[in-house]
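Subject: Model handover

Hello,

Here is the model for your files. My notes follow below it.

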Amino acid sequence: MPNPYSTTDPQPRRTTPRESFGGTGSSFERTATRSSPDSTTTCPPYKGTTTCPYCGVGCGVVATIEDGALVDVAGDPAHPANQGRLCVKGSALHETMGERGRLSHPVVDGEAVGWEEALQCVASRLASTQREHGRESVAAYLSGQLLTEDYYVANKLFKGFLGTPHVDTNSRLCMASAVAAYKRSFGADAVPCCYEDLECAELVVLVGSNLAWNHPVIYQRLKAAKQRNPLMRIVVIDPRVTDSCEIADLYLGIAPGSDARLFNGLLAWMHAAGRVDRIYLERHTRGFEETMQAACEDDVGIEAVARDCDVDAERLETFFYWFATQLHVVTLYSQGINQSSSGTDKCQAIINCHLAGGKIGLPGAGPFSITGQPNAMGGREVGGLANQLAAHMDYHTPGAIDRVTRFWRTETLTPTLPGAPGFKATELFDAIERGEIRAVWIMATNPVVSLPEANRIKRILAACPLVIVSDCMANAEILEVADIVLPATGWSEKDGTVTNSERCISRQRGLLPPPGEARHDWWIMTQVAARLGFAEAFPYVDPFEIFDEHARLSGFENAVEGEGSESDGATWRPFDISGLAGLDRAGYDGLAPVQWPVTAAAPAGTPRLFENGRFATPDGRARLLPVRPQAVRQELTRERPLRLNTGRVRDQWHTMTRTARASRLMNHRGEPFVDIHPLDAERLGVADQQLVELTGGDGLYRGRARIAKSQRPGELFAPMHWNDAFSGQAKVNGLVAAVVDPISGQPESKQAAVSLRPLPISWEATLIVAADIAAEIAPAIESGREDCAYWARIPLAHSVRWQLGGQPDAAGRDWLAWAESHLPVPASQWSHDETRGRLRASGIDNGRLRWWLMVGPPEGLPSLRWLDDCFASEGDQLLDRETRRRILAGCASGARSDGPIVCSCHQVGQNSIIAAIRAGDTSVEALGARLACGTQCGSCQPELKALLEEETQEEMADASL
Ligand code: SF4
């Protein structure tokens, strides 16, 4: 069935007048003069600068626009975060663009409507819900994908004018524990470090962070810094051996959840070794004695700590010694620490060690939480978390409710600002289930995939009386439960600011007009606000006006650093960008990346915080807080005996709605998978690449086993990206129980309890179909009516590949009859290899390949790149006799399979790399010279190095036989 939301026009759009998509004054307005909307002639290419929409590194991007389409991207050499670099996701941004698959018009109750009707409908249904069920019966669930200006308007509308505190964000899943710990210790959600600190540190500790895959450009910077300074040491602490270990001097493969025990042990070791900084502690902190006491409630002998963390005692002591004896230490942590039922305490245990050693507020020193999303920080700045109010003020910040009320001028309204925090993410959906919240507006996020107990979340939303969804993609699973769908602008169309992990505010510029009737999120909310009677408070016609108000609020009654106190009602809030207030459109457009605080005293921004030892607490001192290590809450049982770690893969982003559009990003890990230790695989009877099934939480997960020595025995890893849009049963968050940290509300997504079994199937098949007809046959395959226990859809450049597996016996299935009834072209040629039990068939229409089928396990696949290219044959490039023969033979005499792609930039596969190593290449550089792999973004270099090591070991093992 055609998607009711989507536009199907695959052609690049030409520019259209600015007025057609609401608001004024985007960068597009300036650039549009270069290309007349009605012109039939092409215009010369031009460039615009913006910021990458994926991870929290926040790389600057130079985009090339030609004839109204974004045709190329490159790293911005002038941007301080990436200095010209981009990772593989960033460098494929232009390949993810286009109208195909975008939401193009508003939909209310399944019917396409005009904007006026949609806006009126949103306003009247929100108002009637509040009238009938109270102001707290409505909620918003936001996203780190939103720009700061969108976030600001959402927070102001819901908290300030609708008077509900129930505004939370998917950033809760990403870094809420880090926020809670920073606030407890420093008095503010203030990341003390900057990226440069990683480069000038003597020791960098990566804990719970696979930087190489999740923040690749920072990883590249760190790797380059280590090459420049061989004395720099890097320690990786992680239950998995990840690609980040490529540059590690020491690896500690700790037991999942034992981080707090390890850092408590470190604190005690520093104390015993006389390595705490007494002067710093006395001058700038409180709480050391109580914290030490709590740490010493457990046996802090090195053997005991090593036993509890399940690491070698000597290696652990080496780490303790390095940490204690170096002053310039950065501990960089991410979701591996945060996504825990005791994540706040884990972050705290890290901060305690830094404060105890005085390793903070110095170049190359500090506890550095790195965010997952492009604007998680911007959301924190405006108050996008349910426990925040606005501009880094909490409900309990003295005078904050009154201050924000006066600033927003909500005092004349009934109701006015809420008086207490709202529901955090999982609580918010529980409240919907209980019927307390009856209307929710979800923007730019896919909670039916990303929240724990994802299947339950979908059922909850399906039963919610009003679900409004603003999104830009038509394949987002959340749309299935939406009553009202609002098409929003996406990257390269949106116009505003984002803040990266080092507090750097950058412009994300609108370079192209939105497709169809898509509108900016801030514009949509402003229009709804007007229809609710709040037009005066939401007068914005341009995002620079919103940014100006946000900047003014940040400085409103904000004391000068070190001068405020609770008693005078104006405490110091480090988040202060009052120095950016008053920018006009030109100033906003020209805004260069700058790190907050930006004030009259620091007009060029502030790379590093707390250099003078003063913190944002009432007495200016940082707090050490006692940490008592907690056990993982999702207990292993006889039925669910395996520990599952969930996370990202190198080439995909979140729920793949965008990255799956770039075919080269689909080839590194094309299918959902499970990494499993060889011992577990043997015990459970699982072979490499076999299909397996995990059970846990309220879900099932089916994917391909990858036997990996990088796993600890008893532990698995599965990616977070796949969902119903790309596979039958691969929503990993369905396996995660909704167990959260009691302080931060962040779920324990890294430590699910699951069982694993081989998937009972009797056949596997690969079906590849030309892209232009794939949509027609997708419903039949993906509905599960075809006895498919497993399917995974992998978009290629010219075709779509399905991997299928199921019952009954393949021998009992007449595949040619199946092809006849399901595929638009009958089989033109087929062959049956009785010996290997493989059937191959293809449909060729007028010299063009339309489909290709191989029944049998996928190991026998020919080169997918070659096969995909065969689908591009048309015009005078029709398939010749020899190519047809090779297609049927599975490329018997042509290109051989490349295997899984390792280098996505140059599409170099594992088999070619292994062949090159066997031919004598002994270094990453040699492989690059021969095959070009690893020579562009560098993201695959750790994998190249691992393959070199593996092959060398195998050679040595062969030689010793
Ligand atoms: S490192 Fe992150 S911000 Fe930079 S290009 Fe890659 S995904 Fe984008």
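First, the ground rules. This is a predicted model, in which local features need pLDDT of at least 70, side-chain atom pairs count only at pLDDT 80 or more, and totals for chains, interfaces and linings use all residues. Residues are numbered from 1 along each chain as its sequence is written, and side-chain values use heavy atoms, with hydrogens and water left out.

Buried means under 20% relative accessible area, exposed over 50%, and partly exposed in between, with a 1.4 Å probe and protein chains only. An α-helix has 3.6 residues a turn, so residues three or four places apart point the same way.

Aromatic pairs

The structure holds 23 aromatic pairs. Rings of Phe, Tyr and Trp (its six-membered ring) pair if their centres lie within 6.5 Å; planes under 30 degrees apart are stacked, over 60 edge-to-face, and the rest tilted. Y141 and F429 have ring centres 5.2 Å apart and planes at 85°, so this pair is edge-to-face. It links distant parts of the chain: Y141 is in strand β6 (residues 138-142) and F429 in helix α18 (residues 425-434), 288 residues apart. Both Y141 and F429 are buried.

F158 and W441 also pair edge-to-face, because their planes stand at 70°, with centres 6.2 Å apart. F158 is in helix α4 (residues 148-161) and W441 in strand β16 (residues 439-443), 283 residues apart. F158 is buried at 0% relative accessible area. W441 is buried at 0% too.

Ring pairs also join F263, W269, F319, F320 and F323 into a cluster.

Charges over rings

The charged end of K156 sits over the ring of F538, 5.1 Å from its centre. R507 lies over the face of Y588, 4.1 Å from the ring centre. The rule: NZ of Lys or CZ of Arg within 6 Å of the ring centre and within 35 degrees of the ring normal.

Cysteines

The disulfide count is zero, where a disulfide is a pair of cysteine sulfur atoms within 2.5 Å. For C905, the nearest cysteine sulfur is that of C937, 3.6 Å away. C905 counts as buried, at 15% relative accessibility.

Best wishes

Methods
Helices (H or I, at least four residues) and strands (E, at least two) are DSSP runs, numbered from the N terminus.
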